[in-house]
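Please open the structure in your viewer and keep the selection tool at hand.

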Amino acid sequence: MEPTCKISAFRAVLVALILLAGHRLHAATMDSAEAWGPILTVAGPADDVTLAEAELALRDTFTLQGVQGVAARRADGGFDWDDQGPRDDPEWAWFFNRHSYFPFMWQAYARTQDERFPEFIFATLDDWIVRHPAPGRFSFSAAWRPLEAARRIIDSWSLVYLKLGDHPQFTAERRARFLASVHAHGEQLRHHHALAGNHRITEMLALAQLSLVFKTDRDAGEWLSYSLAQLDQSYADQVYPDGTHKELSAHYQRVVALIYQRLLTLLDAAGRHDLADTWRPRVRTLWAYLAVAMKPDHGNPLNNDSDQENVARLLRDNAPDLAEPTPPVSHWLPYAGQAVFRSRDALSGDALWAFFDAGPRGTDHDHADRLHLSLSVGTRDFLVDNGRYTYARGAWRDYFAGPTGHNVVLFDGQGADQGPKAVGAPDSLGRFFRHEDLEIAYGDTSFSTAENARAGDWRRLVIHVRSQGWIVVDRIAAFQPAMLSTLWHWDPVCDAIPADLITGQIIRHGAGSLRLQVATSSSGGDWQVVRGAKHPVQGWSSDRFNFKTPASCTLYTQRVARPVTNVWLISPNDERPLENALDVVFAPDGQMVIRARYAKTDVELRLDPENPEGTLSVSSR
Ligand SMILES: [Zn+2]
């Protein structure tokens, strides 16, 4: 074909670029969109809510991570791509550069055929592409952080290409610019991706998707091999043999499981069933962890940086057999060091559930939650981990990620040593064993002060008396005088009533209740309930990023000068008088006799917390 003088020099350069890059100038993209349907982030035309969201986007109003704001524009009319949004938060700029609004704008178009929606998409793409040549190096910029490049390809650009590829406004020039930028995304993701964590997995999934959807790109074959090898290596590096992702956050476990699930869908859509079959059992292992950890209300524990999510729905959508009800069996995850206790309440039949973290911190997104305990009775949460709320540094982040936001012991106001980020062997930090109707998990840590690197040791044992309740034993060997505070954070709905400030309290959650009592080898302590305090921050909970609500926290504070043991009785659906329900004899040799009176039965157990496996004996009446 002879180039004609009618084609502008600009266009000629672009056409040459396309031919050089090996792209076909036009493909039957609407046909292939059918096959690729399962990988698209949205299915059909907009519903009313999505349509309203798309209309707002036409007026530059967006909701990103739950925060609504008007996107800033430059003097020349384009978006200010580095603007940090209404809260001056870099997260806003990163999310805005993901173009996550294109899919619902396409949905609005599919419903209304209103050309303003594709016009917005194409004009926004024109502006973004021309202003953002690839940096050719690793970048944390709003536009080119590799995670944002990945999310653009996965969530947004693939859909634009497959669904609007035949739109008259997607002209040859636009197509050329778009495909050149897609190629630049491939180069960035191939050579400048994260080297670890869930970011690396997302970025390699994006590169695999790019290679398969834009398969005429000259580098697609190499990119596909590279990304699959990286995903394989990432799985080996980041998933423990017990199925937990090493960040040890239910939220990021979900993120990673969804990414690998998406890889299965992608490989199947591309006809690579051979590859998909090798991945299927490994993806199932990731979902199995969420099935094990799932609360009776179908949510998840908020370990490390997590939000409350509907795990049952995720399982139904992705691993349906794991969503089936199972007998109430407890689990110990030996690498994660997490115990999930399950039984059924002897009187009410409510599901009893608790989650005890005696394991490593997690390789990222970690909280100072070592030896934290969460606990639910039926669909009612009682003891909770307070979530993440924000990633912005300051008092709020310090609270939600720090020890004061968790159910732990503080030593002169300070949290305990958090241990290693990861472990290389099972049972490295925590232990679990069964004895008749008891299940016991325990772990150790220590406290340090400015003057003393080892100011105290702390062992916590969580004893599940099946179908009755729990006993928590905290043995704190203080090597110097100290003020100990034990924190119990309640779900925001809970009403923590200080019924008896000597022995304990009743916590109500709707029609349900929980009894909390302590027996101590020290001379006693002070009870206090704090809710919604700001100076210092205490008594807050967040079940979703960017949202927080006041929630009661019980603080039990005691002054100690020598080793002390606190025994906590946790008894569900039990509002009898608090007297005489817990009786503990602390013998000088370390042996203890614990008599716990639950609503259904009395339990007497003997043990030395130093050597629980070797000393435990139990009798019930
Ligand atoms: Zn936490």
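The stops below visit a pair of helices and then several loops. Please bear in mind throughout that this is a predicted model.

**First stop: two helices**

Select residues 273-293, which form helix α12, together with residues 311-318, which form helix α13. Two packed helices are described by the angle between their axes and the distance between the axes. Here the axes come within 10 Å and cross at roughly 150°. Because angles over 145 degrees count as roughly antiparallel, α12 is roughly antiparallel to α13. The crossing of α12 past α13 is left-handed.

Next, display the side chains at the contact. On α12, select Trp287, Leu290 and Ala291; on α13, select Val311, Leu314, Leu315 and Asn318. How many of the residues in this contact are nonpolar, polar or charged? There are 6 nonpolar residues and 1 polar residue, while none is charged.

**Second stop: Ala358**

Select Ala358, in the loop that runs between β5 (351-357) and β6 (373-377). Is Ala358 buried or exposed? Ala358 counts as buried, because 28 C-beta neighbours lie inside 10 Å; the cut-off for a buried residue is 20 or more.

Then select Gly66, which is 292 residues from Ala358 along the chain. The C-alpha atoms of Ala358 and Gly66 are separated by 33 Å.

Select His99, located in the loop between α4 (90-96) and α5 (102-112). The phi angle of His99 is near 60°, a positive value in a residue other than glycine. His99 counts as buried, because it has 22 C-beta neighbours inside 10 Å.

Now move to Glu436, in the loop between β9 (430-435) and β10 (438-447). Its phi is also positive, near 50°, and Glu436 is likewise not a glycine. Glu436 is partly exposed, because 13 other C-beta atoms lie within 10 Å, and the partly exposed class falls between 12 or fewer for exposed and 20 or more for buried.

Select His535 and Pro536, and display the backbone atoms that link them. Which kind of peptide bond joins His535 and Pro536? The bond is cis, with omega about -5°. Pro536 lies in the loop between β18 (533-534) and β19 (537-538).

How values were computed: Residues numbered from 1 in each chain as written. Predicted model: local features only at pLDDT ≥ 70, side-chain atom pairs only at ≥ 80, totals over all residues. Helix = DSSP H or I, 4+ residues; strand = E, 2+ residues; numbered from the N terminus. Axes fitted to C-alpha atoms, helices over the stretch in contact; angles between N-to-C directions. Parallel < 35°, antiparallel > 145°, perpendicular 65-115°, else oblique. Left-handed = near helix turned anticlockwise from the far one by under 90°. Contact = placed C-beta atoms within 7 Å. Nonpolar A, V, L, I, M, F, W, Y, C, P; charged D, E, K, R; others polar.
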